Amino acid sequence: MSLLVLPFPAISPVLVSFGPFAIRWYALAYIVGIVLGWLYARRIIRSSKFWGGEAPLTVTDFDDFVLWVTIGIILGGRLGYVLFYNFNFFLEHPLEIVQLWKGGMSFHGGFLGCVAAVLLFGRNRGIPVLSLGDITCAVGPIGLFLGRLANFINGELWGRVTDVPWAMVFPSGGPQPRHPSQLYEAGLEGLALLGLLFFLIRMGALRRPGCILGAFCVGYGAARSFSELFREPDAQIGFLPGGLTMGMLLSIPLILAGLAFLYAALRRDLKSAG
């Protein structure tokens, strides 16, 4: 083993426990991500300069929407994991589906849950769904960043075997040093994507409904696909034909949808400008 291998910071996945009840870092990441995203969204909605006038929804609207999107994230994320990553296991053990505390969430499933929440809430309130989707995507990387940090603390979803100086030996990853791919994803899917979307908002992207949504889909899909080059595939799935991973495969339609949203947003803007 290389002397340059970094020691894994062994942090308990449980932040604090009260008898049989425990608060885990992963659950805390969801809670804090939703709260920070909600606060950031309120600031975006209140800023008329981002919209070129009054926003198409109110802060109160988004306050009510938070519960909808939280349910969408949890249900969609869990069902996505069941269907995309471990269907045969859950088919044999259906009661395990509701045992969220054992882990197992899918971003792509959670994203579809968010889409459902946006569509249902937007139509129920008479809010433009593209603008609601733009705000939701603008704040989404906050939760992604915290979620990947929680993955790192849990010592799960580690990377492939490597000899880079910053490699780590994960407790459940065997004796070989591996890429800390959770940190790569936290930086790319979280911080970098958050910064990109904020830059686009400052440039007036919210005035073109669907632009931030499209940029998020393309940006996340590209960041996830790149990170998958360093991440160990899920053991129950392994590599797919062509050396793809399930994360890469699920990101392809996301990127294509994002490009379509961007094209439509830019084309709509050109029409309105003319």
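A nonpolar core is defined here as a set of buried Ala, Val, Leu, Ile, Met, Phe, Trp, Tyr and Cys residues joined through side-chain atoms within 4.5 Å, where buried stands for under 20% relative accessible area, exposed for over 50%, and partly exposed for values in between (1.4 Å probe, protein chains only). The model is predicted, with local features requiring pLDDT of at least 70 and side-chain atom pairs counted only at pLDDT 80 or more, while totals for chains, interfaces and linings use all residues. Residues are numbered from 1 along each chain as its sequence is written, and side-chain values rest on heavy atoms, with hydrogens and water left out.

The largest nonpolar core holds 44 residues, of which I44, F62 and F216 touch the most other members. At least two residues of this core are supplied by each of α1 (25–46), α2 (48–51), α3 (59–84), α5, α6 (129–154), α7, α8 (211–227) and α9 (246–273); helices are DSSP runs (H or I, at least four residues), numbered from the N terminus. The most is given by α6, with nine residues. Not counting residues up to four places away in sequence, F62 touches W38, A41, I45, L57, L132, I135 and T136, contact being heavy atoms within 4.5 Å. Another core, of six residues, lies apart from the largest one and includes Y85, F90, M246 and L250.

V118 lies in helix α5 (residues 107–125) and counts as buried because its relative accessibility is 8%. Beyond its neighbours within four places in sequence, V118 is in contact with F65, V129, L132, G133 and T136. The C-alpha atoms of V118 and Y81 are separated by 21 Å, the two residues being 37 residues apart along the chain. Q182 belongs to helix α7 (residues 181–202) and, at 1% relative accessibility, is also classed as buried.

Two or more residues of the patch come from each of α3 and α4 (87–92), and α3 provides the largest share, six residues. F87 is placed in helix α4 and counts as partly exposed, at 40% relative accessibility.
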